[in-house]
Structure formats: structure tokens, C-alpha cells
Amino acid sequence: MFAVIACGRLVQTDFQQVDANKFTLTIPAADKVNHLVFFLTGQCPLPDGAAAAVYLGWPQPPPSPPEPVWSFIGHLTNEKPSAIFKIARTRPQDHDPNHPFLANHFATGSWTDLTCVQVGISIEPVQTVAGMTPPAGTQADSTPTMVAFSQRMLESLVNYLSSFATTPPGAAESYVPMSAVTSSSAIRANLLLLRGGGGLFVSSRLASSAVLSTRPYKLHKLESGPASEAQVTSDEARKYYRDMATVRRMETAAGNLYKEKAIRGFCHLYSGQEACCVGMEAVLDRNDPVITAYRAHGWTYTRGVPVKAVLSELTGRASGCAKGKGGSMHMYNHNFYGGNGIVGAQVPLGAGIAFAQKYREDKRVCVTLYGDGAANQGQVFEAFNMAKLWDLPCIFVCENNKYGMGTAVERAAASTAYYTRGDYIPGLWVDAMDVITVREATRFAKDWCLSGKGPILLEMETYRYHGHSMSDPGTSYRTREEVQSMRQMRDPIASFRQTLLTAELVAEEELKEIDQSVRKEVDEAVQAAKTNAVPDPKELYTNVYSQPPSGQPNYRIRGIDQFTWSAN
Amino acid sequence: YLIPLSSSHYPVNQTTMHRPSLSACQLILRSFGRSGGNIVASRRFASSMNVRDALNSAMKEEIERDPNVFLMGEEVAQYEGAYKVSKGLWKLMGDKRVIDTPITEMGFAGLAVGAAMAGLRPICEFMTFNFSMQAIDHVINSAAKTYYMSAGDVKVPIVFRGPNGAAAGVAAQHSQDFASWYSHCPGLKVVSPWNSEDARGLLKAAIRDNDPVVCLENEMMYGVSFEVSPECESKDFLIPIGKAKIEIPGNHISLISYGKFVGLCVEAAAELAKEGIQCEVLNLRTLRPLDEEAIVKSVMKTHHVVTVESCWPQCGMGAEIAARIMESQAFDYLDAPLTRMTGADVPMPYAQALEAAALPQVADIVRVVRRTLNRAAK
């Protein structure tokens, strides 16, 4: 009775009747499918007064139970026997155990195969179906005229170029370098649009925005959580991709510099955790202070310190963001309080920064990050207590990468549900391998704090690919297979890339361009980090005090013996 | 041999030195049996104030003066201070400026440091500095070092204050003198007031300083009254950080001390003056940075030196002063090695006689001065 076509494939008619009025089939490799066309084959019409409600069931990734989450996407009737649906990955917020398609435990296809989608057709009275609303984004759009198409093409070009905009120091506005305009890539991007536009079908035209779904959250002492889907513009998509790619490449470069012995001491790499800093920064602005621990290079970058200044600081050059005096664990910027070396110490400091904001009545939040290892520190709970007692606008964020140095969370914490460990502070568990999921959680948290409800705790479940630091290969306490599997299955950059391509927000060409541009930026930064000047020897003695003691205006600082002084 | 009395050793009204407090003067003058009342009468001391009120008034004025200044600590608000140093402040200023904290030193010291990094000017009180050990990571790693690590990006204008050293009968865990520990660390300024004038001027200077300052007070001094000069009562009365004060000038031996023990040195000086020994009592006032110039100048003048403190002997303040003298030109002016009088190298006992024997007393200072000057014991 029914058939479905996915573009570029054979028509599928292998519906199985699982109930008196229900039919299902499986569409493999559905993560690559943008649209589905459903139609009545004409073999036999629908009963009078009936409509065929079409559902899609997307499987859930672990640790959720292996059952699909169903959503309604549209319907067919005898009067409208065919329809085309755009299948964005929407799914309901809550798993509905009473959904019609769950009553039958059919297993056509493996639930653990995350790329399949189940299609369910249920024949129901027209009145019932008419009242059901499909989620936004499933209606295929059509642009009837060339004018509208050209408009979209130009919008895309502007979006693409504006991702290259920079503000030179002292300038009042941003500028786009001519190389971006005249480069072949800009033209190629537009040709892509033109070629695709010839057919005037949505499948090869880029959208200027899309609705993406977030991964499910877990709530602690919260009635409701963040949005289950979010509008993402192609501008935003490009920015997030670029920022994550930059952090990844910068950290890789840092690892290489360390192996070459250009970086000494400690070097804790953030690779794998990029979605956390990029996703959070998408909602924060530069007036919201951030403080974190020592795995800080990613945050240093997103807080506005250029890659060159980060890498130079790591190699101890005067062009480093702390003039070479801080090193890996002590990088700062406006409203970025480091970079802190003592595990857990940054948490009361962050509560203090939030205290200052409340004291001054600034409408800002302070984001205070710590790891799963620090989560057991006493001072963290002391900070929680005061933050809740005094309603401080503090977002505590536990970046849980499953290992505190070499100790897996189960071996360190009696309770690994870090998002609940604030006890009286509401908490959210976030799958932090997806940047949009992180973004919406941050939006929720920021709104929470700014509405005067006091602090909130976010647990960002993430993963680090490298060891604890450069001296740790990272394999004595976890398996290589685990690391590899995370890289292959859950990499935040690769999965975001896939999402963008599927949603047609950004062309593959553009992503390649971004990758190349990031590589160039990091390569240049590495060169500078290797060759720039080291600090002047006088810097040994500077910045001990911000002002000399009031009774000793000519105060000198002693060197390694009584003959050696800052000023002689 | 007898040291002749010289007649020109009365305190001269030098502008670089503050006048000795009245009580010290009275002691000296009485012991000389002269009516040195001329000099005393020519000064008008405004009033008498105890150290507690000096600290209280300093904090009150600084909180009123600058909206970013606030006081935070255990029992500082509704209890009016464990030792009543913040009496009346909460009633006057309210919850925003005078804040009671839970008993979580590491947490609230860290919170105060964070607030300072973000631009406020907290006064973080430790009920005693013994409890600061729980928070010392924040004093050193979060406060003292941050300006340096950030290459001048992040200032930490915080004051940590509270009673330091022994009280009376509070035993080992409540009697430690932390002068040595804190003055060891670059990035901190460390002050230790003795009398009311010190307390007012140094605390105000500390609060207005843009760097982290540790202010080591002494519980036993809180109730002691001193005459204070009219200048001391001014709202802008500041004592420069890094400058010692000669409480009593003298030519025969330098007694160098800080905090409560300056008072003991003053008493010892009075007693020694009866036998013609002129002690120069140098009140360090600031422990970091030490006023090395004043130390060297004094020793060059007197050729003999005794330091007095309640830190334990090893790595104490006296050890530092000895090293500095060795390294300076004063070394060539010494007629005898330095003696450092310190707390006994034991945890503080409880029983009164034992406690007394664990710290330098006036009689001990007198004995040591005589010994240094090769005078026979009386």
C-alpha cells in the first residue's frame, strides 16, 4: 500500500505490517538522507475518513536504552497521496513509553545501529491526524523563483565572507581581507550554489539556518531543562567549526612542540573537549568572566587570546600572553582568570568573582570550571555552600573527561553523578561531545543565574584523547581501543561537520577551506613560537608588586645572592 | 667597664621619626628621675585609644571611604568580632559590607581572593592566623603569585588580617607566630603593628594598597591603650609600608622587634636605662619588605643587636635579620654577635609557668642585653 523513496536510492516498499493498522520499515544509512518521499502506491486506497500518519523512529546513542525515539513527521490521505518530508534529526525531549510504535517490540534492524531510521505508518482517523503537528523543519521548503534563489545565493556568499572578518587593532569596525573575496574558494563556493541551484531543489542549496536537535540532558532538582532543538545559522555553524578546529590544531601543535622540547614543564592538552569551550562561549560574552584549571589552552583561545600568543607563552617567549612568565597553566585575558595550577583552588576564586559581580550589581555570570578530579575537593563544596547561601551568579562546570590524571572516576568518587553533587544546587548533565547541546545548556544556565535563582552546576561529559599531560601516554589506565573508539564515534568536530553537511548549512568546500585556513594560522603561530624573542632578563624582577611599598619607593628585589639585585 | 651616659640622647623632634608614644617616654623619664616633662609637655597628645579601637576605626573609615572595601570573616558581623575588633561595624554598614562567613577558611579566603581579582578590596579576617593554614594556599598561590604569573594583568588588592602569635593559655594549636612563614613569600607585603598608632596607620595603608597585604596583629594588645597623636586621628593617617620606627633612640644596643614584643623591649629598655644602658628600640612595623636601611643604620650606631620575636628559632625573623646584618656594612661595626630571642623550640604548652618559659620575657631581654654588653648579671 505504501512506498518510500530516499533520493538516489531504489524505491522501498518492504513495509511490514506489525499491527492491524501499523506498518514499519527500516531505512539504512539514514544519516545521509535529507528527504523522504512517501506515497500511496494506488494498490488500494486508504479507508474512508482515515489518514496515514507517518512517524520516524531515531535510535538513541548509549547510555540510553536501545529503543527508538519516535516523532510524527506528517501524513498522507487519499486526497493527498504523496508527500515529501525533510528529515532533520528531531526527536522528542522525553522518551514516550506509551508511543504507539513502542507497544510492539519489533526489531527490524539493530537498535544499536545509529545510522538507521525506522519508519512507522499508522492508519488513524483523519481528525486525530489533522490535530498533530510535525516538528519544525520537516516540511520541505521550495523556492519558486530565480529571484528568491539568487537572494539566497548572495546571503550565502555574504555569510561565507563574513566568517573571515577581523577587527584590526584600533579600528572601529571589522574588515574582510581581499584574499578572502578574490580567492578561488569564494568563487568555488558560489559555483557550487549555482550548479545546485540549476535544479532549484533544496537538496543542493545551502540553508542560511537550520534547526538542529540537542542530545538529551539529565536534570537534578530542575523542573525542566534546556531546549531540545536550536536554530543555528550558517554563520554560527562556521564559527563553531572554525573555533573547534583551531583549538584542535593548536593543541596538536603544542603536543608536537613539547616533543621537540620547545615547551617545558607541564602541558595539558584539551583535544577532544573542544565542544565544551566553544559551545559555552557561543552564549557567553566577553563581559562574563571565566575561570578554569590548568587544561586551559582551549579556553584561553576562545577567550580572545590569539593562537600565536598561546603558543608563544608555551614556548616561553616575550610575545606570550603572560610575557613568558606564566607558562601553560597561567594564561590570562580580560575576564579570563586563568589557568590555575592548584587543583580545585579556582572554584572558590570563581565564587568570589561571582560575588564581586553580585556586589556591584553587574548582570553577569561567572563560569567556574573544574574537572572530575577536583570535584572531590573540600574547597569545592565550601564554594558551593557560600554560592548557594548568598545566591551568587555562578555557573559551576565540571568538565568530566572520565579520568583524574590516571584515576578513572569510579576509582576516585563515591558518586560519579557530578551534576548532582552540588546537592542543593540544581544541576544538568550535558553530553559535551556536541557543541549545540553544550550551547543550549549554557543558555539555560545563564538565564537561570541571571534571573536571580542562584548558582547552577553543569556536568559536561567529555573525553580527552591525550594523556593527562605530555608526560603521560594515557594508556596505562585506559585502553587504546577506548580512545580510538571515542575518536571515531564521538569526535565533536567530526560529528558537527557531519551535522552541518546533512543540514546543508555549510558546504563541504567551505569546511575544507576553513581547515586550510586554520592550518595556516596555526603553522604561522608555531613558527613565531619557535623564533620570537625570549623575555628580557629584567623581567625576572618585574610584576612582583603592582606598586612599590609606600615606604620604599626605590624598593629593589634581591636576586640569587646579596650582590645581585633588580636594580644596582 | 661602665658605659658613660651621654647627655644628648633625648628624643629629638625629627620629622622622619614619629614621636615615641607617651607611655614609653614616661617610663624612661621616670627612670632618669628628671623632669623631662619639658619635652613631654610641649607635645599635645590628642587622646588615648586602644589597639582594638584603632583597628575598628581604621576599618570603619576605609569602608566608608571606598565602596569596594568590605570585611569578611567568621563572626565579624552579628557577633561583632570574636575579639570585638569589628564591634558596631555591621550595625552601621549592614550585610553588604560586613559579612559573616561559614567556618570554611579555604573557601572564604579563596572567595575573597577571587573578589579581589575581580576588582573589590576585601578585608579577609582570620579569627587567628593559626586557621590561616587551612587557607594558606590561597594566600600564597592565589593571591601573592598572581600578579607575577599574569605578568601584571591581574591585581589582588586584598588584606588578610587577624591575631597572630600566642595569647594566654590557648596552647599549641592556637599560639603559632606566622611572621616568618608569610614574610618568606614574594608578592606579599607583611605588616605587624605594635601600638594603636601602628594599628591604625598600617591597616589603613594595607587596605589602600593594591597588593595582597598580611596584617599580623596580637590578641594581647587589643585591650592596651596608647596615647595617639592628632595626626593619627585623621581619616587619611597612613603609615608607610616598609619603614621601621625607632621607638626609643639609644647608643648602646639595638633591640629589634615587631608586634607585642616591641612593648617588652620598651619595658626592658626602661629597666636597663636605670643602669645606664641606652637601648635603641626599633619597631620593625613591616616584616616584608624589611626596613633593612633602618636595621643597618641602628646597628652601625650601637654595634650590638638583639632581636626579639615569638617565632621559633629556626628560620625565624631573627635569623633573617642576622643574615642581613652579615651581608651589609653593619657587619664591620659589630662588637658582638647578634642574639636572637625567640619562642622556645617547642609547641606551646598550656601550664602557665611553662608557657611563660616558652616565650621571651622582659627579664630575659634584660639578661641578654647585659650578656651581650658583657655586663655582670645583677
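**Figure 1. Burial and fold content of chain B.** Of the 378 residues in chain B, 60% are buried. The chain belongs to a predicted model. Its secondary structure consists of 14 helices and 14 strands. When contacts between residues at least 6 apart in sequence are taken, 82% of those in chain B link residues at least 24 apart.

Figure 2. Domain 1 of chain B covers 49-233, and domain 2 covers 243-373, according to the domain assignment. Between the C-alpha centres of domain 1 and domain 2 of chain B the distance is 26 Å. Contact between them involves 30 residues of domain 1 of chain B and 24 residues of domain 2 of chain B.

**Figure 3. Area buried between domain 1 and domain 2 of chain B.** Interface size is often expressed as the accessible area that is lost when the parts come together. For domain 1 and domain 2 of chain B, the buried area is about 2,100 Å², and carbon and sulfur atoms give 57% of this. On the side of domain 1 of chain B, B:Asp177, B:Ser192 and B:Trp194 supply 26% of the area buried against domain 2, more than any other three residues.

**Figure 4. Polar pairs and contributing elements at the domain interface of chain B.** There are 13 residue pairs in polar contact across the interface of domain 1 and domain 2 of chain B, with both residues of each pair at pLDDT 80 or more. Three elements of chain B give two or more residues to the side of domain 1 that touches domain 2: helix H8 (179-183), strand S6 (189-191) and helix H9 (196-208). The interface of domain 1 and domain 2 of chain B also holds 1 salt bridge.

**Figure 5. Salt bridge of B:Arg285 and B:Asp198.** The side chain of B:Arg285 forms a salt bridge with that of B:Asp198, at an N to O distance of 2.6 Å.

**Figure 6. Burial and fold content of chain A.** Chain A has 568 residues, of which 53% are buried. It contains 15 helices and 18 strands. Among contacts in chain A that join residues at least 6 apart in sequence, 72% are between residues at least 24 apart. Chain A has an accessible surface of about 24,300 Å², and 55% of that surface belongs to carbon and sulfur atoms.

Technical notes: Residues numbered from 1 in each chain as written. Chains lettered and ligands numbered in written order. Predicted model: local features only at pLDDT ≥ 70, side-chain atom pairs only at ≥ 80, totals over all residues. Heavy atoms only, no water. Helix = DSSP H or I, 4+ residues; strand = E, 2+ residues; numbered from the N terminus. Buried < 20%, exposed > 50% of the residue type's maximum accessible area, 1.4 Å probe, protein only. Contact = heavy atoms within 4.5 Å. Domains from an automatic or database assignment. Buried area = accessible area lost by both parts, 1.4 Å probe. Salt bridge = Lys/Arg side-chain N within 4 Å of Asp/Glu carboxyl O. Polar contact = N/O pair within 3.5 Å; in protein donor to acceptor, adjacent residues only side chain to side chain. Areas by Shrake-Rupley, 256 points an atom, 1.4 Å probe, with all protein chains shown as cover.
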